[in-house]
Amino acid sequence: MSDTADFAPLAVLIVDDEAPARERLRDVLGDIADTQPTRIAGTAANGVEALALLEHETVDLILTDIRMPVMDGVELARHVGRLERGPAVIFTTAYDEYAVRAFELAAVDYLLKPVRAARLAEALAKARRIRPPADEILRQMAPTRRSHFSINERGRILLVPVGEVLYLKAEQKYVVARSREREFLLDESLVQLEEEFPERFLRIHRNCLIARNAVKGVARATTGMDGESHWVIIVDGLAEQLPVSRRQWPAVKEALGV
Amino acid sequence: MSIKQNPRLAGWGQRPAQLPDFRNLGVVLRTLLLVNAFAIAAVFVRNTDLSLLVGEVLEMAVNVEFPLILNVASLFLMQTLLRRLPFGAGVATVLAVVATIALVSRSLLSPIETGGLLRPLLWSLTTAGCVLTYFHQRDSARAPALAEARLLALTARIRPHFLFNSLNGVLGVLRSNPRRAEEGLEELADLFRALMQDNRELVPLTDEIALCERYLNLERLRLGERLQVAWQRDPQAEAALVPPLMLQPLIENAVYHGIEPGAGPGTVSITIERRGPEVIIAIANPLLDAVSHHPGNRMALDNIRERLMLFYDLEATLDTERDADAYRVRIRLPFRSER
């Protein structure tokens, strides 16, 4: 980053589901414009809107509320963290004992609402140095599971709602997420995904998790050279059948009640 | 917050003694149980031959149940008068009623053996004394519990989340719409006044409704169009006296769990109706997150359930139910319009 960039107005994206809260931040940013010049790159009411805005706007800093509908602030930061030169993230929260304690422990920057001008100026002064916290920290902090998987495609973030994923299959370095329409490559490990969504996905094989509501039924099938028959899962809406490993079968049988 | 530290609880124990509410179902049931337990104990003590026991119990039942029912019915009818008397005079009146009924029913049931009037008279008076003592003890034992419940009510009441978000909302409109900001602060002041009041006495339902309207107006400042409210009110129910701050926390829960987590508009519906001797209050909100077993929600419900119990004993209930898309809380309480 060049020296002149430090003096250019900081492009700020404000994310909050409450209109007066967004208005308030805009007011206070205006008040301190003399010492901390900023430009409002946009405002959004939740994480998904913010990510959509990031696709065509250059943003240096995101000021985001934590508790929001559709996608909360912590999850937004997790997706933003996947961008190579993504914006800095500062959380704003009215009162959330749990999150504040986690922020303190992780030394993540946050502002308490109502935000004071002096405190905001301080945060802006070091904003160019604030990267989104490590995914590991955010994962521990997030009070909820992610609502979306994100795929980094040519510097853009593509979102796939978790509910649309039928199964997850590990393939070499990646995990393939299959939705009704297409496949996506996730840069995550199957074990972590299994830990994050134990109620949603069920392990049926060493390399495969299936969404419980995507199971249409089970059947016996014969494959391979040995001609041995084994159990397969019939996936709702797909022609494909997924093999259940001998080792997982007792657990799968119990979980699906078959 | 300083509202947690109200030191006035100390004087609470010196509340003047009161007769039980003879129209309360719990009091009636407890009286019937206690007197019957006494009577059966008396039969067991006197009994010498086990083969005669059944006959003796039946004989006792004839002698005890008739005056007992008469007593309960008379006290039920005299409740309004008894409430107005000082404690001592009230006790004397109750004992006089019991004595009269003992004598009258004795002479009605067995008019021939008039000699044995003294024994049933003494038995009735002793039993009545014991029952009154029991209710008196129970009442004084519960007084600290009531104070405790009030404390609980205060601490559970306003979520810090709500306070700071409201203040932030007011600040957000302060420059663009100063009138709305003023209103917001007035509503906040009213809410806090209600919270800090002495919340031991029942209040008219109309007052509770007015408070809730102010609360909802304040939330509308932040949530805008997302918060839709459907009131269904019944003028006949609104004269009822209800525990203070019973409605507001339930509506706050409905907003917190049913409106805030949703991106689009949602409706909180509040239905109040009078059904004969009862008032029914129902609050429903959209069911948004499947994981709505929020500990905060549970605490608020337990708190209100406990206060209903303290105010009405067994006569009030609070139920919750969830179906595919809504969460409902339903309160049923006796209609009472005077303290």
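Reader: What's the strand order in the open sheet of chain A?
Author: The order is β13-β14-β15, so numbered in a predicted model. The sheet has 3 strands, and the pairing is antiparallel.

Reader: Which strands stand at the edges?
Author: β13 (215–222) and β15 (241–243) of chain A. Each has a single partner strand, so one side of each has no neighbour in the sheet.

Reader: How many degrees are neighbouring strands turned against each other?
Author: 35 degrees on average, direction ignored.

Reader: And how many bridges between β14 and β15?
Author: β14 (residues 229–235) of chain A pairs with β15(A) over 3 bridges, in the antiparallel sense. A:Ile234 stands opposite A:Gln241 of β15(A).

Reader: Switching to chain B. At what angle do α2 and α3 pack?
Author: About 145 degrees, with the axes 9 Å apart. α2 covers residues 53–84 and α3 covers residues 87–109.

Reader: Left-handed or right-handed crossing?
Author: α2(B) passes α3(B) in a right-handed crossing. Residues in the contact include B:Phe66 and B:Leu70 of α2(B), and B:Val94 and B:Ile101 of α3(B).

Reader: How do the contact residues divide?
Author: For α2(B) with α3(B), 12 are nonpolar, 6 are polar and none is charged.

Reader: Now the contact of chain B with chain A. How many residues from each?
Author: 19 from chain B and 16 from chain A.

Reader: Which helix gives the largest share on the chain B side?
Author: α5(B), with 10 residues. α5 (160–173) and α7 (205–223) of chain B each supply at least two.

Reader: How does that side divide, nonpolar, polar and charged?
Author: The side of chain B that touches chain A has 9 nonpolar, 8 polar and 2 charged residues.

Note on methods: Residues are numbered from 1 along each chain as its sequence is written. Chains are lettered from A and ligands numbered from 1 in the order in which they are written. This is a predicted model: local features need pLDDT of at least 70, side-chain atom pairs count only at pLDDT 80 or more; totals for chains, interfaces and linings use all residues. Axes are lines fitted to C-alpha atoms, for helices over the stretch in contact, and angles run from 0 to 180 degrees between N-to-C directions. Helices (H or I, at least four residues) and strands (E, at least two) are DSSP runs, numbered from the N terminus. A crossing is left-handed if the near helix is turned anticlockwise from the far one by less than a right angle, and right-handed if clockwise. Two residues are in contact if their C-beta atoms, placed from the backbone, lie within 7 Å. Ala, Val, Leu, Ile, Met, Phe, Trp, Tyr, Cys and Pro count as nonpolar, Asp, Glu, Lys and Arg as charged, and the others, Gly among them, as polar. Two strands pair if DSSP finds at least two bridges between them.
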